[in-house]
Amino acid sequence: FNVDFLENPFPMYLDSEYTVLKLTFTNSKPIYLCCVYSHPKTCKSKFFDFFKQLNSFLCSFGSEYLIFGDFNFDLLKKSPETFKLYHYCKEFSLRQLINEPTFNGKSLLDHFYVNRHYNIQLSSHFPYAGSNHDLIFVVRKLNKIKIDPILVTYRSYKNVNFELLSEGIDRFCFDNCTEINQQFLNFNHF
């Protein structure tokens with residue numbers, strides 16, 4: 001497979017940042033990965049503008065995409081902001097896969113959004129390297145490799161008279177050419 005870093009088409013605010021990767025696999029459409037870090041001081045309305053722009057940008061490719069990272073936005077607290085984020089997820093057919101606390105065992109700040117949830121087999125989180133944030137991850141299904149169809153030719157020996165076949169093989173001279181495929185064609189037209 002091939003990995004390309006896409007140029008960020010619009011800015012993020014304050015000390016926040018994001019990176020978009022394009023993963024290209026043989027015989028399948030690319031998958032876009034976006035890692036987001038939203039600084040705790042980022043204004044929520046500006047974050048929502050960014051989130052909507054980001055999803056519009058990723059939707060324009062018509063492919064599967066995953067957005068993940070430290071959003072510094074607690075999804076366990078019911079508020080107008082969580083409702084607005086839920087609304088944007090619904091608008092872009094996104095599903096948030098992590099549903100347990102990922103920060104100090106109290107807050108759900110680390111999110112994982114996907115637009116094709118049926119391709120995800122497993123999603124979870126676990127404590128990592130003494131950090132106060134858990135590591136979040138998903139396991140994605142493998143793409144089925146599409147192979148071009150081939151035409152298989154065969155001869156049915158269901159009603160063959162083996163005595164006549166044996167006589168035909170005895171009469172046929174196999175020395176006329178050196179390539180086996182050509183000999184087979186000659187025998188078929190004997």
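Val3 sits in strand S1, which covers residues 2-6. The model described here is predicted.

**Surface patch around Val3**
- Val3 has a relative accessible area of 36% and is therefore classed as partly exposed.
- Together with Phe1 and Phe5, Val3 makes a nonpolar surface patch of about 390 Å².

**Cysteines**
- The whole structure was searched for disulfides, and 0 were found.
- Cys59 takes part in no disulfide, and the nearest cysteine sulfur, which belongs to Cys89, is 11 Å away.
- For Cys89, the closest cysteine sulfur is that of Cys59 at 11 Å, so the separation is too far for a bond; a disulfide requires the two sulfur atoms to be within 2.5 Å.
- Cys59 is partly exposed, because its relative accessibility is 35%.
- Cys89 is buried, because its relative accessibility is 7%.

**Largest pocket**
- The volume of the largest pocket is about 350 Å³.
- Its lining consists of 16 residues.
- Cys89 is among the lining residues that lie nearest the centre of the largest pocket, along with Leu75, Thr82, Tyr86 and Gln96.
- Two elements, helix H2 (80-91) and strand S5 (95-96), each contribute at least two residues to the lining of the largest pocket.
- H2 provides the largest share of that lining, with 5 residues.

Key
Residues numbered from 1 in each chain as written. Predicted model: local features only at pLDDT ≥ 70, side-chain atom pairs only at ≥ 80, totals over all residues. Heavy atoms only, no water. Buried < 20%, exposed > 50% of the residue type's maximum accessible area, 1.4 Å probe, protein only. Patch = residues over 30% accessible without salt bridge, like charges linked within 9 Å, V, L, I, M, F, W, Y side chains within 5 Å. Areas by Shrake-Rupley, 256 points an atom, 1.4 Å probe, with all protein chains shown as cover. Salt bridge = Lys/Arg side-chain N within 4 Å of Asp/Glu carboxyl O. Helix = DSSP H or I, 4+ residues; strand = E, 2+ residues; numbered from the N terminus. 1 Å grid on protein atoms, 1.4 Å probe; cavity = no way out; pocket = protein on both sides within 12 Å on 5 of 7 lines; lining within 4 Å. Points joined across faces, edges and corners; volume = space filled by probe spheres on them.
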